[in-house]
Amino acid sequence: MKVLKYGGTSVANAHNIAIVKDIVSKTESDKTIVVVSALGGITDLLLNMAHLAASQDDSYKSLLEQIEGRHLDIIKELISINSQSKVLSKVKSELNTLETLLEGAFIIGEITPKLSDKIVSYGELLSSYIISEFFSESGIDITHKDSRELIKTNDVNGKASVNFDLTNTLCREFLSKTPYKVVVLAGFIASSEDGDSTTLGRGGSDYTAAIVAAAIHAEILEIWTDVSGMYTANPKLVKQAKAIPHISYEEAMELSHFGAKVLYPPTIQPVLAKGISILIKNTFEPESPGTIITKNKNEKSKTVRGITHIENIALLSLEGPGMVGIPGISKRFFEVLSQEEISVVLITQASSEHSICVGISTGDINLVIQSINEAFAYEINTGKIDPIIVETNLAIIALVGDDMKSHQGLSGKMFSTLGRNNVNIRAIAQGASERNISAVIRREDVKKALNSLHEEFFEENIKQLNLFVMGVGNVGGKFLNQIKQQKKYLKEHLKLNLRVIGISNSRTMVFDEEGISLKNWEALLTEGEKADKSKFFDAVNTLNYRNSIFVDNTASDEVSSTYGAYLTNSISVVTCNKIACSSHYSNYLELKKLAREYNAPFLFETNVGAGLPIIDTLKHLIASGDKVQKIQAVLSGSLNFVFNNFNDKTTFQNVVKQAQAEGYTEPDPKIDLSGIDVMRKILILARESGNQLEIDDIVNEPFLPQESLETTNNDDFFISLEKHEASFQALYKNAVNKDSKLKYVAQFENGQASVGLQQIPKGHDFYNLEGSDNIVLFYTERYPNQPMIIKGAGAGADVTASGIFADIIRIGNF
C-alpha cells in the first residue's frame, strides 16, 4: 500500500487536479491512499473570513463568494455536465452550513477555537470531495472517506494531539474492509472522540498522510509538491542549489524544522518508528527523481547535506549579575515562555551563567516581553537582572548533516566563510551530536550568507579567468570598472572568478601574478614599466595561466597582428578592434582556424553594434542551418548621432565635434565619416554569414567632399568641414523636402555589399532610429519577408565595454 499526499499548489486549480489524477492512475499499488490539502490559498481565505466575521465586518461575505466561485468553477471544468448536479448540490449544501457558522460568529462578535476548527476544515472537506468525484468519473476505482472518522484526537482545538491507538485501529479496520483500490482522504482535519471537528495545525495534511501511512504499514509515503525534492539550499535564494537524492530522517527533520518548507516537521514522527520511507516528488515534473528519506543515511553522501534558514526571528536575552550561581532562573524563564505557548527555536547560554538567550518568532514578541519582565520584576527592580533585551530583524541559518560530528573544523569553516563575507553572527547554537550548527544573523544578510556557505560546501569548481588587457582608454577604463563592479556577482552567481593579471596602454604596462587591484589600477599603471607589445606577449605566455584571455581595446593594426600568436599558445582573444576581422580574408580564416585548433575562443562581438548581440545572433542563425539572403543595417552609432543632431540650426562641424567629445567617434573622426568603419562592419557580417568578401569589394558612396577625405589630421579635417557647410546643409534640406531623414546605410545582398548616405522615408524601420542607435535587419530563409531585427545603442564606451564583458562571460561558460 502507498500513501500519496498532494499539497495546495498541486490541487490549486482544475488543470493541476487533472495532473494529479494522471499520476494517481499510473501508481502501481494494491491500494493507494490519496491525502489532499485544500485548494491553494483557501485555508488562508477561511481564516481571514472567520476573523472578519468575528470582528463583525460583513466583508467576510465577499470572501465567501470568492471561495464558492473557485470551487464551483473547478467542478464545472472537471465534472461532466451530466454529473455536475449532484456534486454542485453537495458543495453548495456544505457552503450553506459554512455560511451559517460565519453568521453565528458575526452575531456574537467572537470566534472560539472550536468554531475556528469547524470553519477552517471546510477547505479540505470540499477539495477531497470534488477530487474524489472527478477521479470516480474518470474511471478510477475510488471511494471518498471522511478523515474525521479515522483520525481521532483530544479536544484541544487548533493543534490537537492524536490518539494513535484508536486512530491506528480505525484506519486498519477501514482499509481491510474497503474493496476500492484508491481512497481519497482530506488532510489536516480530524475529530475528537466526541465527534467534534479538530485540526492538526498548519501543514497538517502532511501529518495526516504520515499518520495513515504508519497506521497501515504503508510501503512508502509520497509527498507531492511544487519542487523536485529537498534542496541543498532554498533554490529561490541560491540559484546553484540542487535536489538532495537521499537523506536520513534526522537530517530531513532538521532541514524541515529550519525552514525547508517542502516538509512539515511532525510529518516524519509517525513513520520514523515504522521505518517507512518518504519520497518528495514534484507534481509538475513527475519524472524527476525527487528526494528519498529513509532511516539509514546515504554512506556516500556529503558531510553537509543542506543549508537552511528561518526568517523573522527575534532574540530574547535575559542577563545580569544576579543570575550567576542562582538555581531556578532558567526554569522560571522557560516557564513564562511555556505559559504563553511560545515555541523556542534556538537556545544558547554562556557558561558563566550570566545570560540566557533564546530565539523565537518575531510575531510572538508582544506576547512575551511584558510577561518576562513581570516574572522577574523583583530582580529587575533590585538591579540583579536587566530588563529583557529584544533584538529583531534577525534570521537563523543552519548547516545540517548526520556526518558532521565525524569531521573536524566544520564550525570554523562555516564561521570563517561568514566572516569573510562580512556577515555578523549574533548567536550560535550547536548540539553535541553536531548534526546541526546554527547561527543567528541579520535578516538582510540571509541571501549573502546562504550563497557564501553554499559556494563553500557545495560549489567546488569556481572557474578562474585570467585577463590581460591592452588598451585602457575610454572603452578599456569602463571595462575595468565594470569588472570591479561585477566581480563579486560573477563569483557568487556564475562561478566565475575574474582576475586582471596584466594591463598596458601605449606608454606603460604592469603585471601582478595574484591579480591587479582594480581599486587603484590607474596609479599602478602609471608606475609600471615601459610598454612593449612583444614583452607583454612574452609575459602572458611565460605565466602560462589556465583560462588566459587577451583583451584588445585598441584600434591598432600592430596589436591586431599579434592575435595569431596568442591563439597559437591557447590564449583566448576578445577584441573590439575591427582591423583583424576586416583584414584579408585569408587572415580572417586563419584566426578562426587557430581558435578551433588550439581551443582558444576568438570573440569580437563588439566589432559590430558595440554591446548589441548582432554577431552572436548571426552565428546562432547559421549554426541552426538558416541562410542569410540580405542584410540591411545602420551600423555607425557615430554617424547616426551626427545626422540625428544635424539640422538647419546647427553646423555639421560642431555636431561632429560633439560626437567626438562624447566618445561616439574614433579618435580620428574621419574613419567614421568616410564610411570605412561601416565598410568593415558590413564586411564582418558578410563573412560571418559564410561569404568570401574583401574590403575592396564593397561599394562606398562617400558624402564627404574629396578635400575632407584627403586631410591628414583632425585640425585640417574640421576646417574642411566648416568650408563645405553649404553642401551639408543642402543634403539636409533635400531630405526634409522629401519628408525623409538622412541615414548612413550598409547593405549586403547576392554577394554584393555597399555603404552610403540614404534618404529614409517615413514608415521605414530606419526612420525613427534615434540617438546613436544601430539597427540590423537579417533577411534569411526562415525570415524572408519580416526580417529579424536587432536594435539598440550601437556606440559609446559603456555599451562597448559591456559587449567585451559579455564575450568574457561567454568564454567563462564554454
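Buried means under 20% relative accessible area, exposed over 50% and partly exposed in between, with a 1.4 Å probe and protein chains only. This is a predicted model: local features need pLDDT of at least 70, side-chain atom pairs count only at pLDDT 80 or more, and totals for chains, interfaces and linings use all residues. Residues are numbered from 1 along each chain as its sequence is written, and side-chain values use heavy atoms, without hydrogens or water.

**View 1. F188 in its loop.** F188 sits between β5 (182–186) and β6 (189–192); strands are DSSP runs of E, at least two residues, and helices are runs of H or I, at least four, numbered from the N terminus. Most residues other than glycine have a negative phi. F188 is not a glycine, yet its phi is positive, about 80 degrees. F188 counts as buried because its relative accessibility is 6%.

**View 2. H217 in its loop.** This loop joins α8 (204–215) and β8 (220–225). Phi of H217 is also positive, near 55 degrees. H217 counts as exposed, at 51% relative accessibility.

**View 3. The second largest pocket.** A pocket is an open set of points on a 1 Å grid over the protein atoms alone, where a 1.4 Å probe fits, with protein on both sides within 12 Å along at least five of seven lines; lining residues have an atom within 4 Å of a point. The volume is about 970 Å³. The lining has 46 residues, and V475, N553, A555, E666 and P667 lie nearest the centre. Elements giving two or more residues to this lining include α16 (474–494) and α30 (797–812).

Notes
Points joined across faces, edges and corners; volume = space filled by probe spheres on them.
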